[in-house]
Amino acid sequence: MAETKMDALPAKEMSLAEQHCKMADIVLCLGTSLQITPACNLPMRSVRGGGQMVIVNLQQTPKDKKASLVIHGLVDKVMLGVMNLLGLRIPPYVRLDLFQVNLKLFHRNAERKYVKWTLRVASVHGQRAQLPFLSSVEVSFPERPELKPAILHKQPFLLKREMLKSRPVKILLSLHFGDGCGCSCTSIEFTVDFQVSEESFKNDKDVVLQKLRDAAIQDWHCGQLAVIERETLSSPRTETTTYAVVTSIVGNKFSAIAGNGKLSVNCKQNGLLLGSNIKKRRSEVIKRDEISQKQQKVY
């Protein structure tokens, strides 16, 4: 006998899911094999109570025979067709990624004429964590042609330099995106003052991210950047700036799928309960639950 895999789920959320499935007239199962318990048994609570189940999956599932409608196709295309029929618009998806630029300065001698510094572009999840959206980082100095630029290919992206701290230096970071991103690169330009330290601050993350999404949708391109926060420490002086960047934007690229012959649909004779009396159905479920609770109290 084959073993059944059990995945533990939070008790509170599981209880709510069971209750909603009991009261639902139709349960949509999108892109799931319906083989992992106890989640795979949730749709059956609706079916047993007189509701119906719709399955959208490329392969067959163990629950296909219990479903009123089975569609063998891609979930995104199926839901696009549903949204088109309902006259609803699917908002574009804007991918946002976070990263940090860490600048650390070390004064080499007592006179402090020279400063040794390191520049690191790393993940917000730690220096060893990867940045999958970046393939390389180019560091250049637009106003200092005597300073040699560098192209960093290995993560974490790290550059070490030493120079006179007589005047500030402007640094240009060119971030080259990897596969799966909607554009090839973007850039950050900032000035490092070796005499004066930057102040710490923290912006509202949700507000910053929402503004980036709005800007990406309005301009319909990626690469926009925004600062979320900056943390400044001393001894040695360290400045860590957290950025958010738009790495991709995906709109509605599929046309309506009705009648294209690419989907396999299996619909039972009894059809869907699209015209069912929802209020009556919910009242029946509530009544059954009340009777069950009374019986438990008696025992």
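Phe99, Phe133, Phe177 and Tyr243 form one aromatic cluster. The structure is a predicted model, in which local features need pLDDT of at least 70 and side-chain atom pairs count only at pLDDT 80 or more, whereas totals for chains, interfaces and linings use all residues. Residues are numbered from 1 along each chain as its sequence is written, and side-chain values use heavy atoms, with hydrogens and water left out.

Four aromatic pairs were found in a search of the whole structure; rings of Phe, Tyr and Trp (its six-membered ring) pair if their centres lie within 6.5 Å, and planes under 30 degrees apart count as stacked, over 60 as edge-to-face and the rest as tilted. One of these pairs, Phe99 with Phe133, is tilted, with 6.4 Å centre to centre and 55° between the planes. This pair links distant parts of the chain, 34 residues apart: Phe99 lies in strand 4 (residues 93–107) and Phe133 in the loop between strand 5 (114–122) and strand 6. Strands (E, at least two residues) and helices (H or I, at least four) are DSSP runs, numbered from the N terminus. Phe99 is buried at 1% relative accessibility, and Phe133 is buried at 2%; buried denotes under 20% relative accessible area, exposed over 50% and partly exposed in between (1.4 Å probe, protein chains only). Phe99 also pairs with Tyr243; because the ring centres are 5.4 Å apart and the planes lie at 10°, this pair is stacked. The Phe99 and Tyr243 pair again links distant parts of the chain, joining strand 4 to strand 13 (residues 237–250) across 144 residues.

Cys181 is located in the loop between strand 9 (169–177) and strand 10 (185–192) and is buried, with a relative accessible area of 16%. The C-alpha atoms of Cys181 and Cys222 are separated by 8.5 Å, the two residues being 41 residues apart along the chain.

Two strands pair if DSSP finds at least two bridges between them. Strand 6 (residues 134–140) pairs with strand 7 in the antiparallel sense over three bridges, and Val139 has Ala150 of strand 7 as its bridge partner.
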